[in-house]
Amino acid sequence: MNSAGSFGLGLGFGLTPTAVIQVTNLSSAVTSEQMRTLFSFLGEIEELRLYPPDNAPLAFSSKVCYVKFRDPSSVGVAQHLTNTVFIDRALIVVPCAEDD
């Protein structure tokens, strides 16, 4: 445990735990409802954004999703879903700075 009272990397960068993950390599068929259902098992979701959105008029080969959890500890759990095949692709889940 570090001086901030949380578990984190002691790299000297002043890193604070993030509550946001970026999920890439998503199938173009995935919907925001499917993503919400998948990640809601890991913690309470504060905000979820899927790009391009479900109602986009153009077809895309892949999508990206940002999930903000209420509790930053859910981020570590969510990272364990990396390489899990969802629909037809292996997910890539990484922590993401909340300011971005």
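Four strands form an open sheet in the order 2-3-1-6, with antiparallel pairing. The model is a predicted one. Helix 1 (residues 32-40) packs on this sheet, and a single aromatic pair, Y51 with Y66, is counted.

- Strand 1 (residues 20-27) pairs with strand 6 in the antiparallel sense, over 5 bridges.
- In strand 6, C96 is the residue that stands opposite V20.

**Helix on the sheet**

- Helix 1 touches strand 1, strand 2, strand 3 and strand 6.
- The direction of helix 1 makes about 140° with that of strand 2.

**Aromatic pair**

- The count of aromatic pairs comes to 1.
- The rings of Y51 and Y66 are 6.2 Å apart, centre to centre, with 70° between their planes.
- The pair is classed as edge-to-face because the angle between the planes is 70°, and the class takes planes over 60 degrees apart.
- Y51 belongs to strand 2 (residues 45-51) and Y66 to strand 3 (residues 62-69), so the pair ties together parts that are 15 residues apart in sequence.
- Y51 is partly exposed, at 38% relative accessibility.
- Y66 is also partly exposed, with a relative accessible area of 27%.

Methods:
Residues numbered from 1 in each chain as written. Predicted model: local features only at pLDDT ≥ 70, side-chain atom pairs only at ≥ 80, totals over all residues. Heavy atoms only, no water. Phe/Tyr/Trp six-rings, centres within 6.5 Å; stacked < 30°, edge-to-face > 60°. Helix = DSSP H or I, 4+ residues; strand = E, 2+ residues; numbered from the N terminus. Buried < 20%, exposed > 50% of the residue type's maximum accessible area, 1.4 Å probe, protein only. Pairing = 2+ DSSP bridges. Contact = heavy atoms within 4.5 Å. Axes fitted to C-alpha atoms, helices over the stretch in contact; angles between N-to-C directions.
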